[in-house]
Amino acid sequence: MALLIKGGYLVDPSRNLEGLFDLLVENGKVSKVGRNLKPPPGAEILDARGCVVAPAFVDLHAHLRDPGYTYKEDIESGSRAAVFGGFTTVVSMPNTEPETDDPAVVRYQIMRAAEVGLVRLLPAAALTKGRKGRELTEFCALKEAGAVALTDDGTTPTDEALLRTAFEWAADCGLLIMDHAEIPALSRGHLNEGKVSALLGLEGRSRAAEAVAVARDGYLAQITGARLHVQHVTAKETVELLKLFKEKGVSITAEVNPNHLLLTEEAVLKYGSLAKVNPPLRTEEDRRALIEALADGTIDCVGTDHAPHAPHEKERPLDEAPPGMLGFQVALPALVALYNEGLISLRRLVEVLSTVPAKILGLHPELGTLREGTVADVVVFDLKKEWVFDERTNPSKSRNSPFFGRKLVGKVVYTIKEGRVVYRFGA
Ligand code: NCD
Ligand code: ZN
Ligand code: ZN
């Protein structure tokens with residue numbers, strides 16, 4: 001089945017291409033990019049006038065909660081939320097039940113996602129058994145089963161000797177290490193350590209918790225040669241450290257989440273537990289530093305940290321509610337907001353959601369590009385479209401987001417995976 005995407009503004013940073021081009025998809029591949037393309041007989045035509053056409057988004061950080069916490073989300077609802085946000089490739093986090101620390105769980109996740117058929121699910125496996133930080137998992141067996149990265153996301157190991165071995169093994173078997181860089185002993189609270197925690201009389205999570213962990217991880221990557229990806233960067237000190245390690249040529253990349261680009265610790269006063277996330281929302285100064293770092297490449301990309309939790313869980317008080325917010329649905333609107341403020345270019349918007357995360361994965365040279373002959377994973381989005389994030393639009397099983405019920409600007413109109421339309425706005 002052929003598909004002709006007509007009249008859109010194509011942005012493909014992988015080959016420096018930007019302009020009004022039609023895109024023809026045949027047999028699941030990009031077959032032609034050009035002007036005034038004619039549809040082959042029987043082709044479906046998608047009208048993309050007024051919209052941007054880009055390689056589909058790639059998320060390096062999402063919690064699909066399957067197996068074990070399927071009352072929050074499962075692979076099916078999570079896949080629907082992903083394509084709603086323009087993502088066709090998703091790296092899932094291992095804090096499931098059972099934990100994703102065994103090849104059988106990795107195989108189940110890949111098989112289930114294939115059955116659902118909406119996204120390419122690439123599991124990240126746990127770095128340590130049960131994510132308890134005591135015993136390493138079987139890296140090579142996990143890789144063979146299909147895991148693309150290792151992380152104890154939600155926490156980080158505190159045994160540096162174990163971690164060093166982990167980096168060595170990961171380098172040996174060519175797996176990416178991702179880290180939730182936040183030293184637990186320095187982050188016992190439920191929000192940023194600062195003005196708002198003082199006001200509420202609550203213990204805060206220190207910004208040093210992140211900087212210390214990133215310094216530790218960066219030097220371990222340096223001495224072992226492992227590839228390191230820092231998850232959810234929140235503090236300006238981390239940006240300084242990333243610059244340092246990158247200048248030294250260490251193999252380090254980093255992501256920022258939509259939440260930290262849009263909100264600060266003040267949100268806790270307005271939204272309570274809905275604004276609880278780990279690492280926490282920080283200050284306006286941090287937020288500005290993150291945006292600047294994302295624009296200049298010090299922070300490589302955006303990861304959503306899509307973290308669904310049920311209403312009865314997020315309705316608990318700040319010190320009892322689980323941390324986390326939905327991410328797939330707000331990633332594009334977050335970046336469109338920065339674009340509208342003139343803080344990032346359209347090209348960079350596409351890079352941080354698609355080209356760069358695809359490159360970090362490294363395994364899939366066909367992703368994050370619209371070059372002829374590559375797999376046709378395409379997103380069509382409208383920079384101006386206003387929509388309301390509410391019960392009617394939300395495909396997730398959960399609705400834990402400070403943006404729920406609000407009007408957002410910037411919407412994915414079509415998501416296409418391997419030449420098949422897997423999401424249409426309003427359909
Ligand atoms: C995540 C979750 O809910 O699993 N929560 C969060 O606040 N980010 C865990 C994590 O990403 O650390
Ligand atoms: Zn985390
Ligand atoms: Zn996470």
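Which residue in β16 is the bridge partner of A54? That partner is V379.

A word on the ground rules: this is a predicted model, so local features need pLDDT of at least 70 and side-chain atom pairs count only at pLDDT 80 or more, while totals for chains, interfaces and linings use all residues. Residues are numbered from 1 along each chain as its sequence is written, chains are lettered from A and ligands numbered from 1 in the order in which they are written, and side-chain values use heavy atoms, with hydrogens and water left out.

**Strands**

Helices (H or I, at least four residues) and strands (E, at least two) are DSSP runs, numbered from the N terminus, and two strands pair if DSSP finds at least two bridges between them. β7 (residues 52–55) has two partners to look at here. With β16 (residues 378–388), β7 pairs in the antiparallel sense over 4 bridges. With β2 (residues 9–12), β7 runs parallel, joined by 2 bridges, and Y9 stands opposite V52.

Then there's an open sheet of 8 strands with parallel pairing, in the order β8-β9-β10-β11-β12-β13-β14-β15. Its edges are β8 (57–62) and β15 (301–302), each pairing on one side only. β8 is joined to β9 (residues 87–92) by 4 bridges, and F57 has F87 as its bridge partner.

**The ligand**

Ligand 1 has 15 residues around it (a heavy atom within 4 Å). R65, N95, H180, N278 and D305 come nearest. By class, the shell holds 3 nonpolar, 9 polar and 3 charged residues; nonpolar covers Ala, Val, Leu, Ile, Met, Phe, Trp, Tyr, Cys and Pro, charged covers Asp, Glu, Lys and Arg, and the others, Gly among them, are polar.

Here are some polar contacts, meaning pairs of N or O atoms within 3.5 Å:

| Side chain | Ligand 1 atom | Distance |
|---|---|---|
| D153 | oxygen | 2.9 Å |
| H180 | oxygen | 2.8 Å |
| D305 | nitrogen | 2.8 Å |

Taken alone, ligand 1 exposes 320 Å², and the protein buries 95% of that (Shrake-Rupley method, 1.4 Å probe).

Most residues other than glycine have a negative phi, and most peptide bonds are trans. The bond from N278 to P279 is cis, with omega near -20°, and P279 lies in the loop between α9 (267–271) and α10 (284–296). N278 is also among the residues that come nearest to ligand 1. Another cis bond runs from E97 to P98, with omega near -5°; P98 lies in the loop between β9 and α2 (103–116). R131 is not a glycine, yet has a positive phi of about 50°.

Methods
Polar contact = N/O pair within 3.5 Å; in protein donor to acceptor, adjacent residues only side chain to side chain.
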